[in-house]
Amino acid sequence: MKLLMVGAGLSGAVIGRKLAEAGHDITIVDARPHVAGNCHTTRDAETGVMVHVYGPHIFHTDDAEVWDYVNAFETFQPYKNRVKTTSKGQVFSLPINLHTINQFYGKTLRPDEARDFIAEVADTSIEDPQSFEEQALRFVGPDLYEAFFKGYTIKQWGVQPSDLPAAILKRLPVRFNYDDNYFFHAFQGMPENGYTAMVERILDHPKITVHLETSFERAQKDQWDHVFYSGPLDGWFDYDLGRLGYRTLDFERFSYDGDYQGCAVMNYGEEDVPYTRITEHKHFSPWESHEGSVLYREFSRACEPQDIPYYPIRQVKEKALLADYVALAEQEEGVTFVGRLGTYRYLDMDVTIREALDTAAAFLAQGQATPAFVKAPL
Ligand SMILES: Cc1cc2nc3c(=O)[nH]c(=O)nc-3n(C[C@H](O)[C@H](O)[C@H](O)COP(=O)(O)OP(=O)(O)OC[C@H]3O[C@@H](n4cnc5c(N)ncnc54)[C@H](O)[C@@H]3O)c2cc1C
């Protein structure tokens, strides 16, 4: 069949590759001048540093098949994400661990003592937390909440933590040991030559043709036996019912001669610092050495029509609108909505790849009867 992938990010690339290997003719279009979507990496012209253009991306997964998949297309270097945060005039280690607790309270607690101590400072009067704020207060108490969560969350989401659902903080990672690895996953790493090189190899197949700087319009749909659409769900319908809410990010680039902050990611927990974090990209490639350094200050704000949608908000209002768009989408024939924008969900890269592999398998089993959503957005 003649199949179209809208978007050359991980969703379009992985589905396209699987279906090309099964003998289908694949065309991939992307409005941007590069492949890899939001994972795009490029070498900075001034410093030679590999830059994560749309924000820092660390690969981490428990899915062995996905790990094997990415390793078939790119060498992954070992990488542990160790995040620091500046708050109240000090630098702390995140996620909150024994070092953070001891430093913050000026103590020398052992794991069991720290567990008891946090249980004492936590607000146990909150029996059934309803909001992000209540959840945090119940887990760690007011001091740690104010220093590490409150300001950061207000800046990141533009709302008070008391107005965010508790579900965002269901699993608060507090470690009662000195493990400062941000992720728990079994497999973690960084692509040696960047994500874009990996995606270029995924797309390197005789039955795949890629057209960059090419926007897809819905009217073109009938030229294809089936379309896999990784663009915005509401965009498919020309935003007829309104726009699904997103946060967007602004990155303020600056360079430095040497090592600016000594780590890849430094969060800023306080509300009066306007940015949420500073990323020093060369620390994502510790196996390389660069004199110069390139950094991004990251600012979060409401997404306007001309902006790149980054984080879906998915509160009550947005979920109601999403339900309306899902109902419309389910009436469409010949299209499957995929990926982070097509299903209006935050998806890590490993989940994106897992769902793309499952979507390709569904299409190989069901052909043009493949439904609008292989993974339900609601
Ligand atoms: C700031 C940030 C940090 C992240 N960090 C991590 C991390 O550390 N680890 C991790 O695992 N994941 C991370 N992620 C998630 C990761 O970015 C996603 O998993 C991944 O990008 C999803 O791939 P996708 O193909 O679904 O979407 P995208 O990468 O968004 O690709 C969609 C593509 O479709 C194109 N497109 C859309 N509409 C059209 C149209 N009409 N015509 C033509 N082209 C179109 C777009 O230009 C885009 O290139 C992060 C996300 C963000 C926002």
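A residue is buried if 20 or more other C-beta atoms lie within 10 Å of its own, exposed if 12 or fewer, and partly exposed in between, with C-beta atoms placed from the backbone. I am reading a predicted model, where local features need pLDDT of at least 70 and side-chain atom pairs count only at pLDDT 80 or more, while totals for chains, interfaces and linings use all residues. Residues are numbered from 1 along each chain as its sequence is written. My helices (H or I, at least four residues) and strands (E, at least two) are DSSP runs, numbered from the N terminus.

**Entry 1. Loop residues.**
I looked up Glu 213. Glu 213 sits in the loop between S10 and strand S11 (226-229). Its phi is near 50 degrees, a positive value in a residue other than glycine. Is Glu 213 buried or exposed? Glu 213 counts as exposed because it has 10 C-beta neighbours inside 10 Å.

I then took Arg 314, in the loop between S16 and helix H8 (316-330). Phi of Arg 314 is also positive, near 50 degrees. With 20 C-beta neighbours inside 10 Å, Arg 314 counts as buried.

Arg 243 lies in the loop between helix H7 (233-236) and strand S12 (246-257). I find 15 C-beta neighbours inside 10 Å, so Arg 243 is partly exposed. Pro 232 is 11 residues from Arg 243 along the chain, and their C-alpha atoms are 9.8 Å apart.

I also checked a peptide bond. Leu 94 and Pro 95 are joined in cis, with omega about -10 degrees. Pro 95 belongs to the loop between S8 and helix H3 (98-105).

**Entry 2. The seven-stranded sheet.**
I count two strands as paired if DSSP finds at least two bridges between them. What is the strand order of the open sheet of seven strands? I read S8-S7-S13-S14-S15-S12-S16, with mixed pairing. Strand S8 (90-94) and strand S16 (311-312) are the edges, each pairing on one side only.

I walked in from S8. Five bridges link it to strand S7 (residues 83-87) in the antiparallel sense. Ser 87 has Gln 90 in S8 as its bridge partner.

Next I looked at strand S14 (residues 277-280). Strand S13 (residues 265-268) runs antiparallel to S14, with three bridges. Asn 267 stands opposite Arg 277 there. Strand S15 (residues 292-302) is also antiparallel to S14, with four bridges. On that side, Ile 278 stands opposite Arg 297.

In a regular strand the side chains alternate between the two faces of the sheet. S14 is covered on both faces: Arg 277 and Thr 279 are buried on one side, Ile 278 and Glu 280 on the other.

**Entry 3**
Strand S9 (residues 187-191) has three antiparallel bridges to strand S5 (residues 59-61). Phe 59 is partnered with Gly 189 in S9. Strand S6 (residues 76-78) and S9 also pair antiparallel, over three bridges. Here I note Gln 77 with Met 190.

Which residues of helix H6 (residues 195-203) are buried? I list Tyr 195, Thr 196, Met 198, Val 199, Ile 202 and Leu 203. They lie on the same side of H6, because they cover an arc of only 155 degrees around the axis, taken from the directions from the helix axis to the C-beta atoms.

For packing I use contacts (C-beta atoms, placed from the backbone, within 7 Å). The buried residues of H6 pack against H1, strand S2 (25-29), strand S3 (41-43), helix H2 (64-73), S9 and strand S10 (208-211).

**Entry 4. The whole chain.**
I find 10 helices and 17 strands. Buried residues make up 39% of the 378 residues. Of the contacts with a separation of 6 or more, 72% are between residues 24 or more positions apart. The C-alpha trace spans about 65 × 50 × 35 Å along its principal axes.

**Entry 5. The ligand.**
I take a residue as near a molecule if its C-beta atom, placed from the backbone, lies within 6 Å of it. How many residues surround the ligand? There are 33, and the closest are Gly 7, Gly 9, Gly 37, Gly 231 and Gly 339. Helix H1 (10-21), helix H9 (339-342) and helix H10 (349-366) each supply at least two residues of this shell.

How values were computed. Contact = placed C-beta atoms within 7 Å.
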